[in-house]
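Morning, everyone. I have one structure to show today, and I'll keep it short. Please look at the screen.

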Amino acid sequence: MSILRWLGAGLLALGFGTGAAQAGQTFDTVKARGTLHCGVNVGVAGFSLPDSQGTWRGLDADLCRAVAAAMFGDPNKVRFVPLTAVQRFTALQSGEIDVLIRQTTLTMTRDTSLGLRMVAVNLYDGHGFMVRKDAGVTAAKGMDGMTICLSPGTTNELVTTDWFRANKLRFTPLLQERMQDNAQALQAGRCDAIGTDATQLAALRSQFTKPQDFVILPERFSKEPYGPVVRRDDQEWFDVIRWTVSALIQAEELGVTSENAEELKRTSPNPEIRRLLGADPVLGQALKLDPAWAINAIRAVGNYGQLFERHLGPKTAIGLERGLNRLWTDGGLMYSWPMR
Ligand SMILES: N[C@@H](CCC(=O)N[C@@H](CS)C(=O)NCC(=O)O)C(=O)O
(Lines give C-alpha, C1' and ligand atoms only; values in the text may rest on other atoms or scores of the structure.)
Protein backbone atom coordinates (compact mmCIF):
# COMPACT_ATOMS: atom_id res chain seq x y z
CA MET A 1 0.00 0.00 0.00
CA SER A 2 2.69 2.48 0.97
CA ILE A 3 4.60 1.81 -2.26
CA LEU A 4 1.40 2.44 -4.21
CA ARG A 5 0.89 5.70 -2.38
CA TRP A 6 4.48 6.70 -2.98
CA LEU A 7 4.17 5.87 -6.68
CA GLY A 8 0.92 7.77 -6.90
CA ALA A 9 2.46 10.84 -5.30
CA GLY A 10 5.44 10.60 -7.68
CA LEU A 11 3.22 10.40 -10.75
CA LEU A 12 1.19 13.30 -9.43
CA ALA A 13 4.33 15.38 -8.99
CA LEU A 14 5.26 14.65 -12.62
CA GLY A 15 1.85 15.75 -13.79
CA PHE A 16 0.50 12.30 -14.60
CA GLY A 17 -2.41 10.35 -13.20
CA THR A 18 -5.03 12.10 -11.14
CA GLY A 19 -3.03 15.34 -11.00
CA ALA A 20 -3.37 15.85 -14.75
CA ALA A 21 -7.02 14.85 -14.90
CA GLN A 22 -9.50 16.90 -16.87
CA ALA A 23 -12.15 18.84 -15.00
CA GLY A 24 -14.92 16.50 -13.97
CA GLN A 25 -12.84 13.35 -13.69
CA THR A 26 -13.23 12.73 -9.98
CA PHE A 27 -16.94 13.44 -10.16
CA ASP A 28 -17.31 11.02 -13.07
CA THR A 29 -15.12 8.35 -11.45
CA VAL A 30 -17.06 8.48 -8.19
CA LYS A 31 -20.39 8.45 -10.01
CA ALA A 32 -19.40 5.47 -12.16
CA ARG A 33 -17.92 3.57 -9.22
CA GLY A 34 -21.05 4.08 -7.18
CA THR A 35 -19.11 4.22 -3.90
CA LEU A 36 -17.39 7.15 -2.21
CA HIS A 37 -13.86 6.56 -0.93
CA CYS A 38 -13.70 8.78 2.11
CA GLY A 39 -10.52 9.33 4.16
CA VAL A 40 -11.19 9.54 7.92
CA ASN A 41 -9.23 9.41 11.17
CA VAL A 42 -8.11 5.97 12.34
CA GLY A 43 -10.31 6.40 15.39
CA VAL A 44 -11.36 9.42 17.46
CA ALA A 45 -14.65 9.34 19.37
CA GLY A 46 -17.17 11.84 18.03
CA PHE A 47 -15.41 12.15 14.66
CA SER A 48 -14.76 8.71 13.20
CA LEU A 49 -14.65 5.59 15.32
CA PRO A 50 -15.99 2.12 14.48
CA ASP A 51 -18.68 0.93 16.95
CA SER A 52 -18.98 -2.66 18.21
CA GLN A 53 -20.61 -3.63 14.89
CA GLY A 54 -17.76 -2.09 12.93
CA THR A 55 -19.93 0.82 11.74
CA TRP A 56 -18.05 4.12 11.54
CA ARG A 57 -19.60 6.73 13.86
CA GLY A 58 -18.97 10.44 14.22
CA LEU A 59 -19.20 13.87 12.64
CA ASP A 60 -16.59 13.15 9.96
CA ALA A 61 -18.06 9.72 9.18
CA ASP A 62 -21.52 11.27 8.80
CA LEU A 63 -20.20 13.98 6.48
CA CYS A 64 -18.89 11.17 4.27
CA ARG A 65 -22.40 9.68 4.38
CA ALA A 66 -23.97 13.03 3.54
CA VAL A 67 -21.81 13.27 0.40
CA ALA A 68 -22.72 9.70 -0.59
CA ALA A 69 -26.40 10.49 -0.06
CA ALA A 70 -26.10 13.62 -2.22
CA MET A 71 -24.27 11.72 -4.97
CA PHE A 72 -26.08 8.39 -4.98
CA GLY A 73 -29.21 8.84 -2.87
CA ASP A 74 -27.73 6.27 -0.46
CA PRO A 75 -25.66 7.22 2.59
CA ASN A 76 -24.26 3.70 2.87
CA LYS A 77 -22.34 3.86 -0.40
CA VAL A 78 -19.12 4.82 1.40
CA ARG A 79 -15.87 3.00 1.85
CA PHE A 80 -14.14 4.48 4.90
CA VAL A 81 -10.37 4.65 4.57
CA PRO A 82 -8.72 5.20 7.98
CA LEU A 83 -5.63 7.42 7.76
CA THR A 84 -3.12 8.84 10.22
CA ALA A 85 -2.20 12.50 10.02
CA VAL A 86 1.03 11.59 8.18
CA GLN A 87 -0.73 9.44 5.57
CA ARG A 88 -3.72 11.65 4.77
CA PHE A 89 -2.51 14.06 2.08
CA THR A 90 -0.62 11.41 0.09
CA ALA A 91 -3.71 9.20 0.09
CA LEU A 92 -5.67 12.05 -1.46
CA GLN A 93 -2.94 13.05 -3.95
CA SER A 94 -2.57 9.47 -5.19
CA GLY A 95 -6.30 9.01 -5.77
CA GLU A 96 -6.69 6.36 -3.06
CA ILE A 97 -9.49 8.50 -1.63
CA ASP A 98 -11.91 10.95 -3.29
CA VAL A 99 -12.19 13.30 -0.34
CA LEU A 100 -10.45 13.70 3.01
CA ILE A 101 -12.73 14.39 5.98
CA ARG A 102 -10.38 13.93 8.91
CA GLN A 103 -10.20 16.80 11.41
CA THR A 104 -7.96 18.54 8.97
CA THR A 105 -7.13 22.14 9.69
CA LEU A 106 -7.42 24.47 6.70
CA THR A 107 -4.14 26.35 6.42
CA MET A 108 -2.60 28.50 3.69
CA THR A 109 0.31 26.22 2.81
CA ARG A 110 -1.89 23.13 2.73
CA ASP A 111 -4.33 24.95 0.45
CA THR A 112 -1.66 26.27 -1.90
CA SER A 113 1.26 23.85 -2.12
CA LEU A 114 -0.04 20.26 -2.02
CA GLY A 115 -2.03 20.10 -5.24
CA LEU A 116 -5.09 20.06 -3.00
CA ARG A 117 -7.93 22.39 -2.16
CA MET A 118 -9.51 23.02 1.23
CA VAL A 119 -13.25 23.20 0.64
CA ALA A 120 -15.33 24.67 3.49
CA VAL A 121 -15.28 24.84 7.29
CA ASN A 122 -17.33 22.21 9.10
CA LEU A 123 -15.99 22.78 12.64
CA TYR A 124 -14.11 25.59 14.39
CA ASP A 125 -11.61 24.25 16.90
CA GLY A 126 -8.41 25.40 18.63
CA HIS A 127 -5.25 23.77 19.95
CA GLY A 128 -5.13 22.92 23.65
CA PHE A 129 -3.14 20.90 26.19
CA MET A 130 -4.24 18.16 28.59
CA VAL A 131 -2.10 17.45 31.66
CA ARG A 132 -2.29 15.20 34.71
CA LYS A 133 -4.22 16.85 37.51
CA ASP A 134 -1.55 15.98 40.07
CA ALA A 135 1.00 18.04 38.09
CA GLY A 136 -0.78 21.05 39.62
CA VAL A 137 -0.50 23.09 36.43
CA THR A 138 -3.34 25.52 35.72
CA ALA A 139 -1.92 27.44 32.74
CA ALA A 140 0.41 26.52 29.90
CA LYS A 141 3.16 28.80 31.26
CA GLY A 142 3.57 26.16 33.97
CA MET A 143 4.50 23.50 31.39
CA ASP A 144 8.18 24.51 31.11
CA GLY A 145 10.40 21.43 30.67
CA MET A 146 7.54 18.97 30.20
CA THR A 147 7.54 16.07 27.78
CA ILE A 148 4.59 16.60 25.43
CA CYS A 149 2.96 13.86 23.35
CA LEU A 150 2.22 15.06 19.82
CA SER A 151 1.22 13.56 16.48
CA PRO A 152 3.73 14.13 13.68
CA GLY A 153 2.50 15.92 10.57
CA THR A 154 -0.15 17.89 12.45
CA THR A 155 -0.63 21.59 12.93
CA ASN A 156 -0.46 20.75 16.64
CA GLU A 157 3.21 19.86 16.39
CA LEU A 158 3.88 23.27 14.80
CA VAL A 159 1.62 25.26 17.13
CA THR A 160 3.30 23.75 20.19
CA THR A 161 6.79 24.51 18.87
CA ASP A 162 5.79 28.08 17.97
CA TRP A 163 4.21 28.79 21.34
CA PHE A 164 7.09 27.47 23.46
CA ARG A 165 9.57 29.37 21.29
CA ALA A 166 7.57 32.60 21.50
CA ASN A 167 7.40 32.26 25.29
CA LYS A 168 11.07 31.23 25.70
CA LEU A 169 10.09 27.96 27.36
CA ARG A 170 11.38 24.45 26.69
CA PHE A 171 9.63 21.14 26.06
CA THR A 172 10.58 17.67 24.86
CA PRO A 173 8.34 16.30 22.09
CA LEU A 174 7.30 12.65 22.14
CA LEU A 175 6.07 12.09 18.59
CA GLN A 176 3.77 9.14 17.97
CA GLU A 177 1.65 8.74 14.86
CA ARG A 178 -1.24 6.98 16.60
CA MET A 179 -3.41 9.02 18.89
CA GLN A 180 -4.08 5.91 21.00
CA ASP A 181 -0.34 5.60 21.67
CA ASN A 182 -0.30 9.19 22.91
CA ALA A 183 -3.32 8.51 25.11
CA GLN A 184 -1.60 5.49 26.64
CA ALA A 185 1.67 7.36 27.09
CA LEU A 186 -0.05 10.14 29.03
CA GLN A 187 -1.95 7.71 31.25
CA ALA A 188 1.24 5.71 31.90
CA GLY A 189 3.26 8.85 32.67
CA ARG A 190 5.59 8.56 29.67
CA CYS A 191 4.63 12.09 28.69
CA ASP A 192 3.34 14.91 30.92
CA ALA A 193 0.85 16.35 28.43
CA ILE A 194 -0.87 15.82 25.11
CA GLY A 195 -1.10 18.71 22.70
CA THR A 196 -3.83 18.55 20.09
CA ASP A 197 -7.10 20.18 19.12
CA ALA A 198 -9.39 20.76 22.08
CA THR A 199 -12.26 18.68 20.69
CA GLN A 200 -9.87 15.74 20.40
CA LEU A 201 -8.59 16.22 23.93
CA ALA A 202 -12.19 15.93 25.15
CA ALA A 203 -12.79 12.92 22.91
CA LEU A 204 -9.62 11.22 24.16
CA ARG A 205 -10.33 11.89 27.80
CA SER A 206 -13.88 10.52 27.45
CA GLN A 207 -12.25 7.14 26.80
CA PHE A 208 -9.65 7.22 29.59
CA THR A 209 -9.94 4.74 32.49
CA LYS A 210 -9.76 7.64 34.98
CA PRO A 211 -10.81 10.78 33.13
CA GLN A 212 -11.06 12.73 36.38
CA ASP A 213 -7.27 12.51 36.83
CA PHE A 214 -6.66 14.73 33.79
CA VAL A 215 -7.28 18.42 33.12
CA ILE A 216 -7.71 20.21 29.81
CA LEU A 217 -6.14 23.62 30.30
CA PRO A 218 -8.59 26.40 29.39
CA GLU A 219 -6.33 28.36 27.01
CA ARG A 220 -6.48 27.89 23.25
CA PHE A 221 -3.33 28.44 21.23
CA SER A 222 -4.43 28.46 17.62
CA LYS A 223 -7.29 28.59 15.19
CA GLU A 224 -8.06 25.11 13.85
CA PRO A 225 -10.86 25.34 11.31
CA TYR A 226 -11.62 21.83 10.08
CA GLY A 227 -12.94 21.00 6.66
CA PRO A 228 -12.96 18.52 3.80
CA VAL A 229 -10.09 18.48 1.32
CA VAL A 230 -10.11 17.48 -2.37
CA ARG A 231 -7.60 17.39 -5.21
CA ARG A 232 -7.34 20.47 -7.41
CA ASP A 233 -8.25 18.52 -10.52
CA ASP A 234 -12.02 18.76 -10.50
CA GLN A 235 -14.14 21.83 -9.83
CA GLU A 236 -17.42 19.94 -10.16
CA TRP A 237 -16.36 17.57 -7.42
CA PHE A 238 -15.27 20.52 -5.27
CA ASP A 239 -18.77 21.99 -5.78
CA VAL A 240 -20.49 18.81 -4.58
CA ILE A 241 -18.47 18.76 -1.36
CA ARG A 242 -18.72 22.50 -0.69
CA TRP A 243 -22.47 22.66 -1.21
CA THR A 244 -23.22 19.48 0.71
CA VAL A 245 -21.59 21.03 3.79
CA SER A 246 -23.49 24.23 3.06
CA ALA A 247 -26.81 22.40 2.70
CA LEU A 248 -26.52 20.95 6.22
CA ILE A 249 -25.90 24.42 7.69
CA GLN A 250 -28.65 25.98 5.56
CA ALA A 251 -31.03 23.27 6.78
CA GLU A 252 -30.39 24.28 10.37
CA GLU A 253 -30.85 27.96 9.48
CA LEU A 254 -34.24 27.11 7.95
CA GLY A 255 -35.37 24.74 10.72
CA VAL A 256 -35.24 21.72 8.43
CA THR A 257 -34.36 18.47 10.25
CA SER A 258 -33.98 14.82 9.27
CA GLU A 259 -37.46 14.27 10.72
CA ASN A 260 -39.43 17.12 9.10
CA ALA A 261 -37.61 17.39 5.74
CA GLU A 262 -39.97 15.11 3.82
CA GLU A 263 -43.08 16.88 5.05
CA LEU A 264 -41.62 20.36 4.49
CA LYS A 265 -40.73 19.40 0.95
CA ARG A 266 -44.40 18.62 0.29
CA THR A 267 -46.00 21.45 2.23
CA SER A 268 -43.67 24.42 2.67
CA PRO A 269 -44.47 27.55 0.60
CA ASN A 270 -41.04 29.04 1.51
CA PRO A 271 -38.97 29.31 -1.72
CA GLU A 272 -35.68 28.81 0.15
CA ILE A 273 -36.95 25.57 1.66
CA ARG A 274 -38.40 24.45 -1.66
CA ARG A 275 -35.04 25.00 -3.40
CA LEU A 276 -33.05 23.28 -0.66
CA LEU A 277 -35.30 20.25 -0.57
CA GLY A 278 -35.65 19.91 -4.33
CA ALA A 279 -39.32 20.79 -4.73
CA ASP A 280 -37.73 23.39 -7.01
CA PRO A 281 -34.90 21.51 -8.85
CA VAL A 282 -32.58 24.46 -9.57
CA LEU A 283 -29.82 23.62 -7.06
CA GLY A 284 -29.54 19.96 -8.05
CA GLN A 285 -29.23 21.05 -11.68
CA ALA A 286 -26.37 23.37 -10.76
CA LEU A 287 -24.46 20.41 -9.28
CA LYS A 288 -25.49 17.96 -12.02
CA LEU A 289 -27.20 15.91 -9.33
CA ASP A 290 -30.70 14.69 -8.62
CA PRO A 291 -33.08 17.40 -7.26
CA ALA A 292 -33.19 15.35 -4.04
CA TRP A 293 -29.40 15.61 -3.42
CA ALA A 294 -29.73 17.86 -0.36
CA ILE A 295 -32.84 16.32 1.16
CA ASN A 296 -31.16 12.92 0.85
CA ALA A 297 -28.16 14.21 2.79
CA ILE A 298 -30.32 15.92 5.42
CA ARG A 299 -32.55 12.88 5.92
CA ALA A 300 -29.51 10.64 6.24
CA VAL A 301 -27.50 12.58 8.83
CA GLY A 302 -29.61 15.52 10.01
CA ASN A 303 -28.88 19.23 9.79
CA TYR A 304 -25.61 20.68 11.12
CA GLY A 305 -26.98 21.25 14.62
CA GLN A 306 -28.35 17.71 14.82
CA LEU A 307 -24.97 16.37 13.73
CA PHE A 308 -23.12 18.38 16.36
CA GLU A 309 -25.50 17.43 19.16
CA ARG A 310 -25.44 13.73 18.25
CA HIS A 311 -21.68 13.35 18.09
CA LEU A 312 -20.06 16.07 20.21
CA GLY A 313 -22.77 17.92 22.15
CA PRO A 314 -23.41 18.20 25.91
CA LYS A 315 -25.44 14.96 25.97
CA THR A 316 -22.57 12.89 24.56
CA ALA A 317 -19.59 11.51 26.50
CA ILE A 318 -17.49 14.20 24.82
CA GLY A 319 -19.77 16.91 26.17
CA LEU A 320 -18.81 19.96 24.12
CA GLU A 321 -20.70 23.24 23.99
CA ARG A 322 -21.25 24.55 20.47
CA GLY A 323 -19.35 27.78 21.02
CA LEU A 324 -18.08 29.12 17.68
CA ASN A 325 -19.97 26.33 15.95
CA ARG A 326 -23.35 27.90 16.72
CA LEU A 327 -25.19 29.48 13.84
CA TRP A 328 -24.28 33.09 13.11
CA THR A 329 -27.77 34.08 14.25
CA ASP A 330 -26.92 32.63 17.70
CA GLY A 331 -23.51 34.32 17.97
CA GLY A 332 -21.48 31.59 16.26
CA LEU A 333 -19.63 31.40 12.94
CA MET A 334 -21.73 28.85 11.06
CA TYR A 335 -23.18 30.67 8.07
CA SER A 336 -24.31 29.19 4.79
CA TRP A 337 -23.81 31.14 1.60
CA PRO A 338 -27.15 31.86 -0.06
CA MET A 339 -28.43 28.79 -1.84
CA ARG A 340 -30.10 30.27 -4.86
N1 LIG B 1 -6.12 19.32 13.08
C2 LIG B 1 -4.83 18.71 12.98
C3 LIG B 1 -4.86 17.20 13.13
C4 LIG B 1 -5.25 16.74 14.42
C5 LIG B 1 -4.81 15.30 14.57
O6 LIG B 1 -4.83 14.51 13.66
N7 LIG B 1 -4.42 14.98 15.77
C8 LIG B 1 -3.88 13.71 16.16
C9 LIG B 1 -4.07 13.74 17.64
S10 LIG B 1 -2.85 13.58 18.75
C11 LIG B 1 -4.67 12.55 15.70
O12 LIG B 1 -5.87 12.60 15.59
N13 LIG B 1 -4.02 11.45 15.55
C14 LIG B 1 -4.75 10.25 15.38
C15 LIG B 1 -4.07 9.25 14.62
O16 LIG B 1 -3.59 9.58 13.52
O17 LIG B 1 -4.03 8.14 15.13
C18 LIG B 1 -4.23 18.94 11.61
O19 LIG B 1 -4.98 19.14 10.67
O20 LIG B 1 -3.01 18.82 11.48
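This is a predicted model: local features need pLDDT of at least 70, side-chain atom pairs count only at pLDDT 80 or more; totals for chains, interfaces and linings use all residues.

Between domain 1 and domain 2, four residue pairs are in polar contact, with both residues at pLDDT 80 or more.

On the side of domain 1 that touches domain 2, we have 12 nonpolar residues, six polar and two charged.

Next, the extent of the interface. The size of an interface is often given as the accessible area lost when the parts come together. Here, domain 1 and domain 2 bury about 1300 Å² between them. Of that area, 58% is on carbon and sulfur atoms. In residues, 20 from domain 1 are in contact with 15 from domain 2.

The side chain of Arg88 has an N or O atom 2.8 Å from an oxygen atom of the ligand. Arg110 also places a polar side-chain atom 2.8 Å from a ligand oxygen. For Gln200, a polar side-chain atom sits 2.9 Å from an oxygen of the ligand.

So how much of the ligand does the protein cover? On its own, the ligand has 510 Å² of accessible area, and the protein covers 99% of that.

That's it from me. Thanks.

Methods. Residues are numbered from 1 along each chain as its sequence is written. Side-chain values use heavy atoms; hydrogens and water are left out. Contact means heavy atoms within 4.5 Å. Buried area is the accessible area (1.4 Å probe) that two parts lose on being put together, summed over both. A polar contact is a pair of N or O atoms within 3.5 Å; within protein, one must be able to donate a hydrogen and the other to accept it, and residues adjacent in sequence count only if both atoms are side-chain atoms. Ala, Val, Leu, Ile, Met, Phe, Trp, Tyr, Cys and Pro count as nonpolar, Asp, Glu, Lys and Arg as charged, and the others, Gly among them, as polar. Accessible areas come from the Shrake-Rupley method with a 1.4 Å probe; for residues, only the protein chains shown count as cover.
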